[in-house]
Amino acid sequence: PVSALNDLRRRAAQDLISQRQARKPYKINMPEINLPSVKLSTDNDIKLTASFYDINQISERILDSVAYASVDLFKFRDLNNDVLDKYKHKLIAEIPRVYFDNEDNLRSELIKIKNIGITKAKAHSLGRLLLAKALGFEVISGFGLNITNFISADYLSKFDPLYVTLSAELS
């Protein structure tokens with residue numbers, strides 16, 4: 001009869017479902033993971049940093065209230081000389097994250113900035129960080145380096161950055 005056939009199908013389906021849902025002990029060999037030791041800073045001061053895209057946003061009042069201020073590398077030529085002289089110890093040349101022009105222009109602009117007394121550069125990629133380092137700048141890691149955990153921060157510490165900007169995804 002048809003009912004016997006349907007009963008057989010139901011039991012077969014139930015057996016298959018039970019076999020699929022059954023837990024099977026799999027042996028897993030976990031590799032030993034040696035995480036790097038983390039150098040924790042003993043400096044607990046939080047330093048406020050400002051970033052400016054437009055030179056007209058910069059005021060002495062703001063510069064007096066921050067530890068550092070980053071300015072687009074190619075905007076320094078438009079900066080007021082009095083402001084530049086007074087605050088150059090706080091100013092950071094921010095290397096553009098995306099730059100399609102000749103790399104030599106980037107290098108020559110960094111050299112010009114260095115010659116006017118700017119000693120810090122912010123980079124958003126390892127290549128730009130190495131370029132700034134090679135030209136004698138103190139480097140700051142930008143958010144484009146995507147520092148999201150202590151392993152990436154530890155790796156970046158090999159380049160001796162002045163400070164590290166964490167990835168925006170962490171905010």
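**View 1. Contacts across the predicted model.** Of the contacts (heavy atoms within 4.5 Å) in the protein between residues at least 6 apart in sequence, 44% join residues at least 24 apart. Residue numbers start from 1 along each chain as its sequence is written. In this predicted model, local features need pLDDT of at least 70, side-chain atom pairs count only at pLDDT 80 or more, and totals for chains, interfaces and linings use all residues, while side-chain values use heavy atoms, without hydrogens and water.

**View 2. Overall form and element order.** The protein has 6 helices and 5 strands (DSSP runs numbered from the N terminus: helices H or I, at least four residues; strands E, at least two). Their order from the N terminus is α-β-α-β-α-β-α-β-α-β-α. The C-alpha atoms fill a box of roughly 100 × 35 × 35 Å along the principal axes.

**View 3. Strand β2 and its cover.** Buried means under 20% relative accessible area, with a 1.4 Å probe and protein chains only. Side chains alternate between the two sheet faces in a regular strand. Here Y68, S70 and D72 lie on one side, A69 and V71 on the other, and all are buried.

**View 4. Pairing of β1 with β2.** Strand β1 (residues 49–52) runs parallel to β2, joined by 4 bridges. Pairing requires at least two DSSP bridges between two strands. S51 stands opposite S70 of β2.

Key. Buried means under 20% relative accessible area, exposed over 50%, partly exposed in between (1.4 Å probe, protein chains only).
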